[in-house]
Amino acid sequence: MSSSADPPGGTVKRQRRRFHLDEYQWLAGLLVCHMVFAAVWALFWFGALQPLDLLAYDAGVRARSDMAARDDRIVAIGFDEADIQRYGYPLSDRVLADLLAKLADGGAAAIGVDIYRDLPVPPGTEALNDLVAGNPTITWVYLLGTGDRLAVRAQPTALAQGQVGFADLPLDPDDTLRRALLFAATEAMDGYSLSFGVVATYLAQNGHDIVEAESLPGAMQLGDAVFAPLRPRDGAYAGVDAGGYQMLLDFAVGRRPFDTYTVADVLDGKVPAEAFAGRIVFVGAMAASVKDDFVTPLSTDTEPERRMYGVLGHAQVASQILRAGLDGAELPHFADERLEIFWLWLCAIVGGVAAYYARSLQVFLPALIAGFGVQIGLWLWALLHMMWLPVAPGAIAYVASAALFSAYLANAERIKRRLLARMFNSHVSERVAKELWRNRDAFQDHGKPLPQRLTATVMFTDINGFTPVSERLSAEELMDWLNDYMGRMADLVLERRGIIDKFIGDAVMAVFGVPVPHDSEAEIAADAQAGLDCAFAMERVLRQMNRELTKRGLPEIKISIGLYTGELIAGSLGSTARMEYTVIGDTVNTAARLEAYASKEVKTPPGWDSPCRIVIGAATWDLLAGKYQGVEVGEIKLKGKDTLIKAYLMTGRGEAEETRAAAE
């Protein structure tokens, strides 16, 4: 059914959109994204990305930790370099006995000694043995070994009474302390860590017990806190040694959250006895020369004390157990591995989507940065809530998918641009070329135009009397004369958004309204007006050109022009070796016949001095609604056509158009 917007001759038949190259781009994008997903997951699985995630985790821990926080339940006493100079190294049994007596007399609830004493260091050995034997609050450190031997045994009396805990702290592959080992079983001894033993003693005195969790068999529970043992692939770990019963350290209270004193401070009475009452006290080395220190996530190159002393590491473990079990602090936890896989897959897919919709560099880079920022933000938000998610795999998958798919799209567009340029090179203006590229999906398929049925205005021009002119001029003069004319005419077509379909000897075929189809009557009328404007512009240019030719003694140029608007088929013709975009159909034939009629048969009014004879069909005339002046030449029978066609010889623009042309 026709509407008011239908072009002359009936309704434009819309082509059903064919399945073309761009619809394969989603498939290519999915393939790229899934290849990236598989590659990144393999890298993550085999541990190649673990170092990046560990660095990110350390940065997150520093951002999350409250460096000003305090845990008043714990006190640390360390012997420093000044103490070594005063008391010697190792500290004698007498010094240790006097120190522990001070702590016991001060009412310490639990004492953890992080000083190896498998062999006596007299004097004071007997006093030390008596003190340990009479004080169940003391837990002494030992070092785990392999096989049926301990690496370093505990103080003999403490060992005999079972008041011992191992000192071992597991380190990650980059020699950084991020985990705590709470229980371990070897051929030599099944036992718990120094920090756990001290905490157990403290809790027992305060009416609390550590029990097996009902919700997670094999895990321990204190209060509402369930201490789930670390698994080899938890968080960003890729098969870490999670033997024994391990816990990820949160370092949530900073690097120095405890009251800290030296041995000399205590022995000299500078610390009041009540400073230890009801508290956990850890005793150990705080001297650089002893080399009992660790790199932790809190360590930075900008701080003078980068490493954490071992005694403070044990205190950190004890503090985390107490904060979780007694204060309700959240323990570090991890997403299910299936959720991690889904997150990685989603990041890869989103990266591809970002590349697909952000085709320009001005949009792609902000989109890339924004997507990366969102991932970092989500990761940090999870870390602030004590969930450790791998960040490196998702970020790399997002960036890699976006970059690779963007590279694929850019290469595909380069190929399509090259094919498009090959078809329309020198045939369209730069503005039309940009429009072609913006609307390429509407008419291009696998690098060649889709056949389209559309309505457009076709122009044919031909030089009158070309044969006699060609006989008068030399070959060089003829080519210069013709090239000058063709160049100027072609420029006029391109300026009015037309395309040069072809040059046929001295004839020019141009089309207005292709290759991007125009469906509305207003657009079709605008194409017809552009064609007729071009014809009158040719007339003006030819007048000027003929004056120049006359001065040079060369023949003037007179042309005939035929214009017709109607339905036609636009597409590509030729072979793979040579292909040409063109239009075919009755509209093209009619425009050619009108040009021939203008050249030989049309009768011009008296006094006609125009170098152009412009004849248009009724379909074009009706669209222009009186904007131009013309003389009806009647219904004519064109060669090769059975029906009569009403035609008009154009004599000028309408009044409004004449005024605008004069202003130009």
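Just after helix α4, Gly107 takes a positive phi of about 85 degrees. Helices here are DSSP runs of H or I with at least four residues, numbered from the N terminus. The model is a predicted one, so local features need pLDDT of at least 70 and side-chain atom pairs count only at pLDDT 80 or more, while totals for chains, interfaces and linings use all residues. Residues are numbered from 1 along each chain as its sequence is written, and side-chain values use heavy atoms, with hydrogens and water left out.

Back in α4 itself, the helix runs over residues 93–105, which makes 13 residues. From first C-alpha to last it reaches 18 Å, close to the 18 Å expected at 1.5 Å a residue (that is, 1.5 Å times one less than the number of residues). Asp93, Val95, Leu96, Ala97, Leu99, Leu100 and Leu103 of α4 are buried, where buried means under 20% relative accessible area, exposed over 50%, and partly exposed in between, with a 1.4 Å probe and protein chains only.

Next comes α5 (residues 125–133), with Leu128, Leu131 and Val132 as its buried residues. These sit on the same side of α5, because they cover an arc of only 95 degrees around the axis (taken from the directions from the helix axis to the C-beta atoms). An α-helix has 3.6 residues a turn, so residues three or four places apart point the same way. Turned away from the buried side of α5 is a face with the exposed residues Glu126 and Asp130.

A cavity is a set of points on a 1 Å grid over the protein atoms alone where a 1.4 Å probe fits but cannot get out, and lining residues have an atom within 4 Å of a point. The largest cavity holds about 50 Å³ of space, counted as the space filled by probe spheres set on the points. Its lining includes Trp26, Ile349 and Phe405. Helix α1 (21–45) gives the most to this lining, with 4 residues, and α10 (337–357) supplies at least two. By class, 6 lining residues are nonpolar, 2 are polar and none is charged.

Finally, Glu495 is found in helix α16 (residues 475–495). Glu495 counts as exposed because its relative accessibility is 52%. Glu495 and Ala530 are 35 residues apart in sequence, and their C-alpha atoms are 9.5 Å apart in space.

Note on methods
1 Å grid on protein atoms, 1.4 Å probe; cavity = no way out; pocket = protein on both sides within 12 Å on 5 of 7 lines; lining within 4 Å. Nonpolar A, V, L, I, M, F, W, Y, C, P; charged D, E, K, R; others polar.
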